[in-house]
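Please look through the structure shown below before reading on.

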Amino acid sequence: MDDIKKNYFSTGQMRNALLQIEDQMVHSNWMPTIILGINRGGCIPGVYLSHRLKIPHEALDIRLRDHTTKPNLSVLEKAFAFQKKILIIDDINDSGATFQYILDNFGLGAGRIHFASLVNNTPSKVTSDYN
């Protein structure tokens with residue numbers, strides 16, 4: 001197995017990354033009405049950002065790497081049905097598999113779904129809208 005180099009974010013680094021994401025959203029003239037944090041890594045940044053923006057956060061249960069259970073898109077389906085502008089956030093957009101799963105099974109929802117990640121790796125097949 002290849003040696004994997006892990007980088008760790010401090011709370012301060014995470015907060016700064018989230019401020020950059022917020023700034024990018026402001027300058028793009030798009031703000032969510034709900035944040036969906038990818039379970040597990042996206043939940044902490046999702047909650048931080050939801051408190052800062054004063055909008056709701058829910059966990060989106062998609063765990064492709066560590067689990068064999070089928071991802072559950074019901075939270076996303078509900079938010080979309082209620083005409084929400086949805087920010088889906090994860091800690092790392094590594095291969096793009098998680099975001100690609102959402103695109104393959106749900107699409108971009110007529111521009112109402114945007115993606116954010118604290119780290120966006122270059123080889124990823126899906127680019128975050130905000131990172």
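**Charged pairs and buried faces**

Lys 78 has a relative accessibility of 44%, so this residue counts as partly exposed. The model is a predicted one, and a search of the whole of it finds 2 salt bridges. The points below begin with the salt bridge that Lys 78 forms with Glu 58, and then move on to other parts of the chain.

**The salt bridge of Lys 78 and Glu 58**

- Lys 78 and Glu 58 form a salt bridge in which the closest N and O atoms are 3.8 Å apart.
- This pair links distant parts of the chain, since Lys 78 belongs to helix α3 (residues 74-81) while Glu 58 belongs to strand β2 (residues 57-60), and the two are 20 residues apart.

**The salt bridge of Glu 22 and Arg 52**

- The side chains of Glu 22 and Arg 52 also meet in a salt bridge, with a distance of 2.4 Å from N to O.
- Here too the pair links distant parts of the chain, with Glu 22 in helix α1 (residues 11-27) and Arg 52 in helix α2 (residues 43-53), 30 residues apart.
- Glu 22 counts as buried because its relative accessibility is 16%, and buried means under 20%.

**Helix α1**

- Helix α1 has 17 residues and reaches 24 Å from its first C-alpha to its last, which is close to the 24 Å expected at 1.5 Å a residue.
- The buried residues in α1 are Met 14, Ala 17, Leu 18, Ile 21, Glu 22 and Met 25.
- When α1 is seen down its axis, these buried residues fall within an arc of 145 degrees, so they line one face of the helix.
- An α-helix has 3.6 residues a turn, and therefore residues three or four places apart point the same way.
- The buried residues of α1 are covered by parts of the structure that include α2, β3 (86-93) and β4 (113-120).
- After α1 comes Asn 29, which has a positive phi, near 60 degrees.

**Helix α3**

- In α3, the buried residues are Val 75, Leu 76 and Ala 79.
- These residues cover an arc of only 100 degrees around the axis, which puts them on the same side of α3.
- The elements against which the buried residues of α3 pack are β1 (34-38), β2, β3, α4 (97-105) and β4.

- If residues up to four places away in sequence are not counted, Asp 90 touches Ile 38, Gly 41, Gly 42, Thr 98, Phe 99, Ala 116, Ser 117 and Leu 118.
- Arg 112 lies in the loop between α4 and β4, and although Arg 112 is buried, this residue has no salt bridge, the nearest side chain of opposite charge being that of Glu 77, 13 Å away.
- What lies beside the polar atoms of the Arg 112 side chain? The backbone oxygen of Phe 80 is 3.3 Å from one of its polar atoms, and the backbone oxygen of Lys 84 is 3.1 Å from a polar atom of that side chain.
- With residues up to four places away in sequence again left out, Arg 112 touches Trp 30, Phe 80, Gln 83, Lys 84, Lys 85 and Ile 86.

Key:
Residues numbered from 1 in each chain as written. Predicted model: local features only at pLDDT ≥ 70, side-chain atom pairs only at ≥ 80, totals over all residues. Heavy atoms only, no water. Salt bridge = Lys/Arg side-chain N within 4 Å of Asp/Glu carboxyl O. Helix = DSSP H or I, 4+ residues; strand = E, 2+ residues; numbered from the N terminus. Buried < 20%, exposed > 50% of the residue type's maximum accessible area, 1.4 Å probe, protein only. Expected span 1.5 Å × (residues − 1). Arc of directions from axis to C-beta. Contact = heavy atoms within 4.5 Å. Lys, Arg positive; Asp, Glu negative; His and termini not counted. Polar contact = N/O pair within 3.5 Å; in protein donor to acceptor, adjacent residues only side chain to side chain.
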